[in-house]
Amino acid sequence: MANHKSSEKRIRQTKKRTLHNRYYAKTMRNAVRKLRACTDKEEAVKMYPAVQKMLDKLAKTNIIHKNKAANLKSSLCAHIKKLG
């Protein structure tokens, strides 16, 4: 176990940050899953800007990698084009 006050604090901070990041990553995955499951083009087009904004924010704060965000946005765009 940690012997220094600073390392104990770092452990507390890491736990808190991990929970925060895990929540937002899971929320993003669910939003992407929901958009991919969507079969109606109009509904998918409405949902896409919100998902895109979420991906950009998570990439900006390093919760996900910027290339992963770009790949997801690209694949979702392609999925929407295929609909209807």
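Okay, let's start with a pair: Lys-73 forms a salt bridge with Asp-56, and their closest N and O atoms are 2.7 Å apart. A salt bridge here means a side-chain nitrogen of Lys or Arg within 4 Å of a carboxyl oxygen of Asp or Glu. The structure holds 1 salt bridge. In general, side chains of opposite charge can pair when their charged atoms come close.

Before I go on, this is a predicted model, where local features need pLDDT of at least 70 and side-chain atom pairs count only at pLDDT 80 or more, while totals for chains, interfaces and linings use all residues. Residues are numbered from 1 along each chain as its sequence is written, and side-chain values use heavy atoms, with hydrogens and water left out.

The cut-offs are under 20% relative accessible area for buried, over 50% for exposed, and partly exposed in between, using a 1.4 Å probe and protein chains only.

Now for H3 itself. Helices are DSSP runs of H or I with at least four residues, strands are runs of E with at least two, and both are numbered from the N terminus. H3 covers residues 66-82, so 17 residues, and reaches 25 Å from its first C-alpha to its last, close to the 24 Å expected at 1.5 Å a residue. That expected span is 1.5 Å times one less than the number of residues.

Which residues of H3 are buried? They are Ala-69, Leu-72, Lys-73, Leu-76, His-79 and Ile-80. These residues cover an arc of only 125° around the axis, so they sit on the same side of H3; the arc is taken from the directions from the helix axis to the C-beta atoms. On the face turned away from that side you'll find the exposed residues Asn-71, Lys-81 and Lys-82. The buried residues of H3 pack against helix H1 (5-37) and helix H2 (41-60).

Take His-79 in H3. His-79 is buried, with a relative accessible area of 18%. Leaving aside neighbours within four places in sequence, His-79 is in contact (heavy atoms within 4.5 Å) with Leu-35, Arg-36 and Cys-38.

Next, the core. A nonpolar core is a set of buried Ala, Val, Leu, Ile, Met, Phe, Trp, Tyr and Cys residues joined through side-chain atoms within 4.5 Å. The largest one has 20 residues, and those with the most contacts inside it are Met-28, Leu-35, Val-51, Leu-55, Ile-64 and Leu-76. H1, H2 and H3 are the elements giving two or more residues to this core, and H2 supplies the largest share, 7 residues. If we skip residues up to four places away in sequence, Met-28 touches Met-54, Leu-55, Leu-58, Ile-64 and Leu-72.

Last stop, the loop between H2 and H3, where Asn-62 is found. Asn-62 has a phi near 60°, a positive value in a residue other than glycine. At 67% relative accessibility, Asn-62 counts as exposed. And just after H3, Gly-84 takes a positive phi too, of about 50°.
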